[in-house]
Amino acid sequence: YFDAQTTEGRSQKLLAKDGVIGIAYNRLRDAYQRGLGDRLLLVEYETLTSEPKETMEAVWDFLGMKAPDHNFDDVKQVTTEDDSVHGLDLHTIRPKVEPVADDSATILGEALVKSMEGAEFWRQTT
C-alpha cells in the first residue's frame, strides 16, 4: 500500500516480474526468445499514430484479412467511462489519429524512462 503512494512506487509495482505490466512483458519476451515471434504482431504507439494507414494495413495483413476502409481523420467515440473516480479524463478518444508529444518523462520521471531504454526486445535483430 505504501509503495503505491508515489509514481515511482506504482511504476515499480506494475513493472515488477509479477506486476501487471511486468508479467505481460516477460511473457511476450519469452515467446520471442522461444522463436514464436512470427505469431505475434506488436504495434508501437508511435508507429500507429505517425503511419496509421500503413500500420493498420499491416495488422489486417498479419491476420490474413482484407483491410476495411479506416477514416483516421474522423474517429468516433462510441464508449463512455466514468472517470470521476480518477479525477482525470482517461478515456476520451481524440477525433484524429496523429502523433502526440512524448510527455512520459514529465509524468513518470526521467529516471524511470531512462531505465526502460532498450527494453524493446522486438526491435533487436539476431
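Which residues form a nonpolar patch on the surface? They are Leu14, Leu15, Val20, Ile21 and Met116, with about 420 Å² of accessible area together. A patch takes residues with over 30% relative accessible area and no salt bridge, and joins nonpolar side chains (Val, Leu, Ile, Met, Phe, Trp, Tyr) within 5 Å. The areas come from the Shrake-Rupley method with a 1.4 Å probe, and a salt bridge is a side-chain nitrogen of Lys or Arg within 4 Å of a carboxyl oxygen of Asp or Glu. Helices α1 and α2 each supply at least two residues of this patch; Leu14 is found in α1. Helices here are DSSP runs (H or I, at least four residues), numbered from the N terminus.

Two notes on the source. This is a predicted model, so local features need pLDDT of at least 70 and side-chain atom pairs count only at pLDDT 80 or more, while totals for chains, interfaces and linings use all residues. Residues are numbered from 1 along each chain as its sequence is written, and side-chain values use heavy atoms, with hydrogens and water left out.

On confidence: pLDDT is the predictor's confidence in each residue, from 0 to 100. The chain has a mean of 92, and 98% of its residues reach 70 or more. Confidence is lowest in helix α1 (residues 7–15), at a mean of 89, and highest in helix α4 (residues 52–62), at 97.

Now the pockets. A pocket is an open set of points on a 1 Å grid where a 1.4 Å probe fits, with protein on both sides within 12 Å along at least five of seven lines; lining residues have an atom within 4 Å of a point. The largest pocket has a volume of about 1,300 Å³. Of its 34 lining residues, Glu46, Ser104, Leu108, Met116 and Glu120 are the closest to its centre. Helix α2 gives the largest share of that lining, six residues.

How values were computed
Points joined across faces, edges and corners; volume = space filled by probe spheres on them. Patch = residues over 30% accessible without salt bridge, like charges linked within 9 Å, V, L, I, M, F, W, Y side chains within 5 Å.
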